[in-house]
Amino acid sequence: MQCFSFIKTMMILFNLLIFLCGVALLAVGIWVSIDGPSFLKIFGPLSSSAMQFVNVGYFLIAAGAVVFALGFLGCYGAQSESKCALMTFFFILLLIFIAEVAAAVVALVYTSMADHFLTLLVVPAIRKDYGSQKDFTQVWDSTMKGLKCCGFTNYTDFEGSPYFEKNNTFPPFCCNDITNTANETCTEEKAKNQAVQGCFDQLLHDIRTNAVTVGGVAAGIGGLELAAMIVSMYLYCNLQ
């Protein structure tokens, strides 16, 4: 009985923390959706690189809603000893765990396919909006400056863009290494000779460089999810 009470208390505290994290994610998601530029100024190039591939605001709102619901179900289920809430908590967490494993497998096995798919989405957007849409241009400038990269694949992504049509040059990040001030005109010849790496390849390189950290965080999250599922089932099975 004492063991059951202890586990119940820990379940409530753990899910209270999850609940608060959900609230925080919702708040940040709403903030990003309303005022994206200030988010970029605070969190810098990593946030801007993420914004190339997903709508961060909506993603955080969706993730926050799921985490919020999970925390509430876990707290309510443990506190009220509701079998229905605990079982719902378990199945939602199980679905999330399976989705994470599937996403990791796809990311590892189909990296080249993801590269091709994202190229079809991102490059046309660059050629359409870079130099004409202020927020879009700011996001890409912050990404290229922070990751020391050029475009999604390389400098050719900017051919035909409003920026290129107006200035007849490429963004300075496509011609300058980490020590330069990015003030010179970036002609096609210079961009071709310097061959600055695309941001997608640079991002993959950074992830692989920090593979141990990324893997450790992923393993930690997976372990917490498994522990939460086991605890919820223990409480469920010991309720009368």
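**Cysteines in the predicted model**

Biologist: Is C21 buried, partly exposed or exposed?
Modeller: This is a predicted model. In it, C21 is partly exposed, with a relative accessible area of 37%.

Biologist: And C84, buried or exposed?
Modeller: C84 counts as exposed, because its relative accessibility is 59% and the cut-off for exposed is over 50%.

Biologist: On to disulfides. How many are there?
Modeller: The count is three.

Biologist: Which cysteine does C149 pair with?
Modeller: C149 is joined to C199, S to S 2.0 Å. The two sit 50 residues apart. C149 lies in the loop between α6 and α7, and C199 is in helix α9.

Biologist: Why is that one called right-handed?
Modeller: The torsion about its S-S bond is about 80°, so the C149 and C199 disulfide is right-handed.

Biologist: Are those two ends buried or exposed?
Modeller: C149 is buried at 0% relative accessible area. C199 is buried too, at 5%.

Biologist: What about C150?
Modeller: C150 forms a disulfide with C174, with the sulfur atoms 1.9 Å apart. That pair spans 24 residues, from the α6 to α7 loop to the loop between α7 and α8.

Biologist: Where do C175 and C186 sit?
Modeller: Each is in the loop between α7 and α8, 11 residues apart. C175 is buried at 4%, and C186 at 1%.

Biologist: What is the pairing in sequence order?
Modeller: Numbering the bonded cysteines along the chain, the pairing is 1-6, 2-3, 4-5.

Note on methods. Residues are numbered from 1 along each chain as its sequence is written. This is a predicted model: local features need pLDDT of at least 70, side-chain atom pairs count only at pLDDT 80 or more; totals for chains, interfaces and linings use all residues. Side-chain values use heavy atoms; hydrogens and water are left out. A disulfide is a pair of cysteine sulfur atoms within 2.5 Å. Helices (H or I, at least four residues) and strands (E, at least two) are DSSP runs, numbered from the N terminus. Buried means under 20% relative accessible area, exposed over 50%, partly exposed in between (1.4 Å probe, protein chains only).
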